[in-house]
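Please look over the sequence and the model before reading on.

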Amino acid sequence: LLDISWYTESMRAGRPVEILERHKLQEQQINEAAAVVFSVPSYACQRRTTLQNHNTVLTEALSLLAENAELNEEDGRAIAFRRSEAVLKALPKAVTNLADLRGLPCLGEHSLKIIKASRKGCDVLKDGVSSEVETTRQSDRYKALKVLTGIFGVGAKTADRWIKMGISTLHQLQASGETLNQAQQAGLEHYEDLNQPVAKAEADAIGDVVQKVVLSVLPGALITLIGGFRRGKPTGHDVDFLITHPEEGREVGLLPKVASLLKSQGFLLYQKTTRNSYLESDDGPARLSSNMDRFERCFSIFKLEMNPGTTRSGTPRSSSRTESQSDDHSPQTPGGVHENGLDSRRRSWRAVRVDLVVSPISQFAFALLGWTGSKLFEREMRRWAGHEKAMSLSSHALYDTKQRRYLRAASEEEIFAHLGLEYIPPSERNA
Ligand code: DCT
Ligand code: MG
């Protein structure tokens, strides 16, 4: 292991102490390497992350801090926590000892502190208590940000402005006389439903309706369930569909027609459709603030009829209601127990957030990859492309900056191959 020429040179020059020091250092490095318990590559897109998480106590702690940073628009902090969380999610076993963390990538000082975090000497590994996490969870600001951004159409900036005006609850928002845009009005009206997880069976039922309507407008169209459900998640916060047609161009202008049909059939409680604004240029992709917003897209609130006896997903509503009545901060329908003037338990339908995205077939593989997620997996793939391959990846295309050309792909597998990455199937992209 020693560099022989350096060794003989040092011997000849009579530097035995140096040799001894070097020996010691190498021995130490060898021991450390041997003591690495889990070996994990540093980009999430190089790892297989299933839904089986062996470290939920730790990842939930880090996730809460990441979420808090996101809600406070501290992007750097948020991404650091998300990366650490993702590394722990990818481990094949539970971390039982701090030594297990040796050699793991992306565990910054702060994340390590949280993992080791102590309250009276107990660490989160033993009893799930980290004082910083608990303080954040209990803080008025975090609770208010959660409640307000829980309204569809309300982001961190708006929530922050309202909090500065003294608004931290839905009741205070209603009493404030603040003007709400249409999305926010609909979000407030369907607050309770939209904050209940959506089950896979509900997503499939919506898929059937969407498929029928899309095919009636454009025979031959292909509809794919994307987002978390494509990764095998049993529930989600919304339902995402990607639509394309095998003949390039036939898909243009599809969504306004689909939305208007769905609306006339009583399936939409709210919708906003945006047109495709993506154009390729010979100079490569323009810098986009987000790669998500250029397809023809329909953001909607879907009215899902439920069969009698269908139970809603998530916790029993009666118990969550009791809690919310005693806690002014927790999600609560503005009017109290009744949403839309009806007790939601007796309604035959529920509201669900549904996103429809349309892509031309030439961009379909990129759209599919970009919309399957997880968010961190996507982000890491774009970072890998940029930092390691001098390429620019979006949900529309892959551009090679050195060759100054777009790299075409007809499948996700081809995109991974262009990027020099081993193919990771959707069920293992749950970073
Ligand atoms: N996406 C992304 N970057 C974003 C937002 C979204 O890469 N800023 C991609 C990844 C997932 C996909 O779009 C759908 O987004 P969400 O519905 O927010 O994510 P999800 O994984 O489907 O989560 P959920 O199961 O809660 O709906
Ligand atoms: Mg989703």
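## Overall picture

The model is predicted. The chain contains 19 helices and 14 strands. It has 431 residues, of which 34% count as buried.

As an example of spacing in the model, Arg408 and Ser130 are 278 residues apart along the chain, and their C-alpha atoms are separated by 47 Å. Arg408 sits in the loop between strand E14 (405–406) and helix H19 (412–418). Arg408 has 14 other C-beta atoms within 10 Å and is therefore partly exposed.

## Around ligand 1

Ligand 1 is surrounded by 14 residues, and the closest are Gly227, Gly228, Gly236, Gly373 and Glu378. Sorted by class, the shell has seven polar, five charged and two nonpolar residues.

Helix H17 is mostly covered, as nine of its nine residues are buried. Among them are Phe364, Phe366, Leu368, Leu369 and Trp371. Just after H17 comes Gly373, with a positive phi of about 75 degrees. Gly373 is also one of the residues closest to ligand 1.

## Positions annotated in UniProt

Which residues carry the feature "binding site" in the UniProt record? The unreviewed entry places it at Asp238, Asp240 and Asp355. These positions are spread over 118 residues of sequence, yet they cluster in space, with a largest C-alpha distance of 7.5 Å.

Is Asp238 buried or exposed? Asp238 has 20 other C-beta atoms within 10 Å, so it is buried. Asp238 belongs to the loop between strand E5 (235–236) and strand E6 (239–244). Leaving out residues up to four places away in sequence, Asp238 touches Val198, Arg353, Val354 and Asp355. Asp355 is part of strand E11 (residues 349–358). With 17 other C-beta atoms within 10 Å, Asp355 is partly exposed. Under the rule that leaves out residues up to four places away in sequence, Asp355 touches Asp238, Asp240, Arg297 and Phe299.

## Strand pairing

Strand E8 (residues 296–305) is mostly covered, with seven of its 10 residues buried. E8 pairs with E11 in the antiparallel sense over 10 bridges. In this pairing Ile301 has Arg353 in E11 as its bridge partner. E8 also pairs with strand E7 (residues 268–274), again in the antiparallel sense, over six bridges. Here Leu268 stands opposite Phe302 in E8. In a regular strand, side chains alternate between the two faces of the sheet.

Another three strands form an open sheet in the order E12-E13-E14, with antiparallel pairing. Strand E12 (391–393) and E14 stand at the edges with a single partner strand each, so one side of each has no neighbour in the sheet. Strand E13 (residues 398–400) is joined to E14 by two bridges. The bridge partner of Tyr399 is Tyr406 in E14.

Most residues other than glycine have a negative phi, and most peptide bonds are trans. Where does the model depart from this? One place is the peptide bond from Gly373 to Ser374, which is cis, with omega near -5 degrees. Ser374 lies in the loop between H17 and H18.

Ala390 is not a glycine, and its phi is positive, near 50 degrees. Ala390 is found in the loop between H18 and E12. Ala390 has 12 other C-beta atoms within 10 Å and is therefore exposed. Arg404 is likewise not a glycine and has a positive phi of about 50 degrees. Arg404 belongs to the loop between E13 and E14. Arg404 counts as exposed because it has 10 C-beta neighbours inside 10 Å.

Key. Residues are numbered from 1 along each chain as its sequence is written. Chains are lettered from A and ligands numbered from 1 in the order in which they are written. This is a predicted model: local features need pLDDT of at least 70, side-chain atom pairs count only at pLDDT 80 or more; totals for chains, interfaces and linings use all residues. A residue is near a molecule or strand if its C-beta atom, placed from the backbone, lies within 6 Å of it. Ala, Val, Leu, Ile, Met, Phe, Trp, Tyr, Cys and Pro count as nonpolar, Asp, Glu, Lys and Arg as charged, and the others, Gly among them, as polar. UniProt positions are given in the numbering used here, feature names are shortened, and annotations may be inferred rather than shown by experiment. Helices (H or I, at least four residues) and strands (E, at least two) are DSSP runs, numbered from the N terminus. Two residues are in contact if their C-beta atoms, placed from the backbone, lie within 7 Å. Two strands pair if DSSP finds at least two bridges between them.
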